[in-house]
2 protein chains.
Amino acid sequence: MTVQVYVNDISRHWLDPLERGFQYGDGLFETMAVRQGELPHWLYHWERLVAGCERLNIPVPDQAALEDKITRLIRQQAKAVVKLIVSRGNSTRGYRIPPKQNPTQVLYLSPWLDYPAHYAEQGIHLKVCRTPLGMNPALAGIKHLNRLEQILARNEWQDEKFQEGVMLNTSGHVIEGTMSNIFWVKAGQLYTPDLTECGVLGITRQRVLEKTKENGMDVRIVRQHIDSLYEADEVFMTNSLFGIWPVQSIEDRQYTAGPITQLLQNLVN
Amino acid sequence: MTVQVYVNDISRHWLDPLERGFQYGDGLFETMAVRQGELPHWLYHWERLVAGCERLNIPVPDQAALEDKITRLIRQQAKAVVKLIVSRGNSTRGYRIPPKQNPTQVLYLSPWLDYPAHYAEQGIHLKVCRTPLGMNPALAGIKHLNRLEQILARNEWQDEKFQEGVMLNTSGHVIEGTMSNIFWVKAGQLYTPDLTECGVLGITRQRVLEKTKENGMDVRIVRQHIDSLYEADEVFMTNSLFGIWPVQSIEDRQYTAGPITQLLQNLVN
């Protein structure tokens, strides 16, 4: 797959090995869907990026300059994916943040990956991952570059039987997928996990919360064990690239794409 | 500060932005003291690196080739620091580990940082960090590249009043320093934290455990709150570069470099 890479303001395919993003995972990222030369949900991504910069004490990028750069990059693209990494910049040694920071911006433009249509229609198959998510409010919610937990979880299956895995925290509460957020429905009530101690505040998750509110639907933000998923009537996953995918099975438990999932697909996708 | 950088087999000062070490912190590192053209504790570092590779499913480097490369790099160095990063290599998108991995090795050779002699004699001043360490047995012990917790903790102070900070896990147990391990003595008994749920298994910590065993001294591996430090008679920190530093104060509590700390400095440094 051909990926175009831009580091700071130029088309450049190299990074300094002193970059703290490489030495420590010291940075943030956003992965965004391009549609007809635009990023439909850019402002949601921008706001999460700013929140991440503030949490990690990374200078917030110049918004207009970044928007201009991305706009020029994607202008000709009908359907593609843009990934943005904001990394703290170089340092020679030690965790201490340099007094003068000079963050690095990397943009990756890559082709759209066409997912099979039945993922969005009949749904996907979920594995329950053994790798837990550690809990740390200092890092929860933001989309930072420390992703070893997700890598270990995603590495738990190699076959094509599962399209995603659900991760629990070290207390056994359901948190999210390896690359997506999770919702479920029981007796007409929508639920999604509390992400104040771990997990990523996904853009599509946020849009589901907004759309349900606009439509008078209540979503409970909860800390619940895996049993809640097994007892659910509907389960679905959200992600900025695929939108909403119903869940067809979790291990041996079967589900059908139900009416609330389908309603939200219409509202959000 | 001038740092020499070698990527794989050549003197090269660039990395591919698709490197997973940069995208996800997907790799491991070792920071090692050079003495008279040698790495005195290389085998300890090597063993931890191998354990890390096995945990993260990264192919273990060729030992002889790596040793040969490092030997050539440090031959002329009387006193210096070598840092090695083993990163998983490139991938275009997603957490999934590529079926064919091609890990990247980066070596950094940098000048020795001379610490003031009084750190090793009278001791250092410790801050108690607010940033907690998340608990996750899947990542505990190894020296991986996901270091945002340490960066946030080290960023809690900017003045020169403190030389190190002590970190607690999310249950409030004492775990380690931001860049070191911690021991304490109470009524002649040595203690150090259990690191099965978080923290890095430091090389000097391991050497202290070996030397104490050889000398018939017992060390209890414990889960204890910060009060245990305040009630201790002696506290010291260990690290591969500075060896053993006594602790002179933790916030308002004062200590003196006691006899057990001094004995271990003689045995280990």
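Author: Welcome! Two strands pair if DSSP finds at least two bridges between them, and strands are DSSP runs of E, at least two residues long, numbered from the N terminus. This is a predicted model, in which local features need pLDDT of at least 70, side-chain atom pairs count only at pLDDT 80 or more, and totals for chains, interfaces and linings use all residues. Residues are numbered from 1 along each chain as its sequence is written, while chains are lettered from A and ligands numbered from 1 in the order in which they are written.

Reader: What makes β9(A) and β12(A) a pair?

Author: Strand β9 (residues 181–186) of chain A and β12(A) share five bridges in the antiparallel sense. Pairing asks for at least two, so they pair. Within β12(A), Met237(A) is the bridge partner of Ile182(A).

Reader: How do you know that β12(A) also pairs with β13(A)?

Author: Four bridges link β12(A) to strand β13 (residues 243–250) of chain A, again meeting the rule, so this antiparallel arrangement is a pair. Here Met237(A) faces Trp245(A), and three residues lie between the two strands of this hairpin.

Reader: Now chain B. Why is Phe236(B) called buried?

Author: Phe236(B) has 29 other C-beta atoms within 10 Å. A residue is buried if 20 or more lie within 10 Å of its own C-beta, exposed if 12 or fewer, and partly exposed in between, with C-beta atoms placed from the backbone. Phe236(B) is therefore buried. Phe236(B) belongs to strand β12 (residues 234–239) of chain B.
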